[in-house]
Amino acid sequence: IVLPEMNVAFDVGRAPRELISIDYVCLSHGHMDHSAGLAYYFSQRNFQGLPAGCVIAPHRLVQPIQDLVQVYGRIEGHVSPAKIIGVDEDEDVAIRRDLVVRPFRVRHAGGALGFSVIEVRKKLRPDLAELSGQQIAELKKRGESVEYRLEIPRVAFCGDSAVGDYLAHPHVRDSEVLIVECTFFEGDHLDRANQGQHTHVNDLPELMQRVNSKHVVISHITRRTPMVEAKRRIAQVLKPDDLARVVILMDRPPRPRREPSPQE
């Protein structure tokens, strides 16, 4: 999932071309469908003359990713530059002067993380609003802080996860856009969802009740369930107001059929 306006991506998958120009990749966990393209991401950035890509990942994955880069270096004949930052919950990484990534723990195997992208602004303290510019300057000269930090959670990515306490974080539940998974939809898949720590469609009402996000993006739908059936089940379990907030990431309109040219 790529946020080009913020220069951030969540997980790499097979590292599609849209990902290569993104400087910061937040890796939620090491499962292959989320991490397979890491070496390709680093290599392609190097090939295109871009600075080393930066992967923000759980601490325990830092050494394995470094090992992976070295192994592919032996395969390719040179080691691609790579920057890897290990994090855990609440260990912010500044990716821009006004933008930070904040990790949070989610309910999935292997110490998986979610990530919030938070806009940070400095605002004048409300109690100083009536002061003149000169008076505020005098306070600054005396070493008094005249500003406060305002955080605006823009996007929260929950990765693979069952519904859990992470939804209580204000930067998650109040994010403008919340990206969550919903892997399973069949009634006999409830046990499979619990064992794998994934979200089942029956969990969505609780999730929607706990979050205030204007847009809730559902991803990671199993291929076992046709999209038509997944949409039907989501509409069946959610209230109309909650359903209006939902976007299904993989629900793309079919491509128009190309008519053959007269020469064909």
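**Exercise 1. Decide whether phenylalanine 10 is buried or exposed, and describe its ring partner.**

Phenylalanine 10 has 1% relative accessibility and therefore counts as buried; buried means under 20% relative accessible area, exposed over 50%, and partly exposed in between, with a 1.4 Å probe and protein chains only. The model is predicted: local features need pLDDT of at least 70 and side-chain atom pairs pLDDT 80 or more, whereas totals for chains, interfaces and linings use all residues. Residues are numbered from 1 along each chain as its sequence is written, and side-chain values use heavy atoms, leaving out hydrogens and water.

Step 1. The structure holds three aromatic pairs (rings of Phe, Tyr and Trp, the last by its six-membered ring, with centres within 6.5 Å; planes under 30 degrees apart are stacked, over 60 edge-to-face, the rest tilted).

Step 2. One of them joins phenylalanine 10 to phenylalanine 157, with 4.7 Å centre to centre and 5 degrees between the planes, and is stacked.

Step 3. Phenylalanine 10 belongs to strand 2 (residues 8-10) and phenylalanine 157 to strand 9, 147 residues apart (helices, H or I of at least four residues, and strands, E of at least two, are DSSP runs numbered from the N terminus).

Step 4. Phenylalanine 157 has 5% relative accessibility, so this residue also counts as buried.

**Exercise 2. Determine which strands pair with strand 10.**

Step 1. Strand 9 (residues 147-157) runs parallel to strand 10, joined by three bridges; pairing requires at least two DSSP bridges. Here phenylalanine 157 stands opposite isoleucine 179.

Step 2. Strand 11 (residues 215-219) is also parallel to strand 10, with five bridges, and isoleucine 179 stands opposite valine 217.

Step 3. Four of the five residues of strand 10 (residues 177-181) are buried, so the strand is largely enclosed by the rest of the structure.

**Exercise 3. Explain why the buried residues of helix 9 line one face.**

Step 1. In helix 9 (residues 227-237), the buried residues include Ala230, Arg233 and Ile234.

Step 2. Down the helix axis, the buried residues fall within an arc of 100 degrees, so they line one face (the arc is taken from the directions from the axis to the C-beta atoms).

Step 3. These residues pack against helix 8 (204-210), strand 11, helix 10 (240-243) and strand 12 (246-248). Isoleucine 234 touches residues including Phe185, Leu204 and Ile248, not counting residues up to four places away in sequence; contact means heavy atoms within 4.5 Å.
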